[in-house]
Amino acid sequence: PDEAPVDGYVTRGLQLENNHLGIDIAAKHRDKVHAPAHGRVVYSGESNILGKTIIINHSGGFITVFGHNDSILVQSGEEIIKNQIIAYVGETGISQGPHLHYEIQYQKKAIDPTPFYFDISVN
């Protein structure tokens, strides 16, 4: 995954010690969420914490997770292409304002996408 999934700014970074396995990107409600790479949707549904959630399996051992979506446009098992609109930003689940929770996992370990995909600092 080598593209930012949404335009916005990072409000919370990766915090493994607090079980926050991704970053939070503040964005406008219903902004488009794009797939950062080709892949296959392995989960499209509800989570108690992340609300409307999408999980995509990408080649090379990468998995991406997208949480707090307002609405989801893809289904489990669907093959998606890079930059495809997969959801709209929301505040479902446990959320304080519209944002996207975005995770990248490599070989089942969370990695921080901030230094690679965003040229802004964590606030």
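These notebook entries record what I looked up in a predicted model, from its overall fold to its salt bridges.

**Entry 1. Conventions.** I number residues from 1 along each chain as its sequence is written. For this predicted model, local features need pLDDT of at least 70, side-chain atom pairs count only at pLDDT 80 or more, and totals for chains, interfaces and linings use all residues, while side-chain values use heavy atoms, with hydrogens and water left out.

**Entry 2. Fold.** I looked up the secondary structure and found one helix and ten strands; these are DSSP runs, numbered from the N terminus (helices: H or I, at least four residues; strands: E, at least two). Along the sequence the pattern reads β-β-β-β-β-β-β-β-β-β-α. The radius of gyration is 13 Å, close to the 14 Å that the globule rule gives for 123 residues, so the protein is as compact as a globular protein of that length. I note that this radius is taken over C-alpha atoms and that the rule is 2.2 Å times the number of residues to the power 0.38.

Entry 3. Of the 123 residues, 40% are buried (under 20% relative accessible area; exposed is over 50%, partly exposed in between; 1.4 Å probe, protein chains only). I also looked up contacts (heavy atoms within 4.5 Å): among those with a separation of 6 or more, 60% come from residues 24 or more positions apart.

**Entry 4. Salt bridges.** How many salt bridges does a search of the whole structure find? I recorded four, each a side-chain nitrogen of Lys or Arg within 4 Å of a carboxyl oxygen of Asp or Glu.

Asp 2 pairs with Lys 82, the closest N and O atoms being 2.6 Å apart. Asp 2 lies in the segment before strand S1 (9-12) and Lys 82 in the loop between strands S7 (79-80) and S8 (85-89), so the pair ties together parts 80 residues apart in sequence. Asp 2 is partly exposed at 48% relative accessibility, as is Lys 82 at 27%.

Arg 30 and Asp 70 form another salt bridge, at 2.6 Å from N to O. Arg 30 lies in the loop between strands S2 (23-26) and S3 (32-34) and Asp 70 in strand S6 (residues 62-72), so parts 40 residues apart in sequence are tied together.

Glu 79 bridges to Arg 40, with the closest N and O atoms 3.0 Å apart. Glu 79 lies in strand S7 and Arg 40 in strand S4 (residues 39-47), so this pair ties together parts 39 residues apart in sequence. Glu 79 is exposed, at 55%, whereas Arg 40 is partly exposed, at 40%.

Finally, I noted that salt bridges with shared partners join Asp 2, Glu 3 and Lys 82 into one network.
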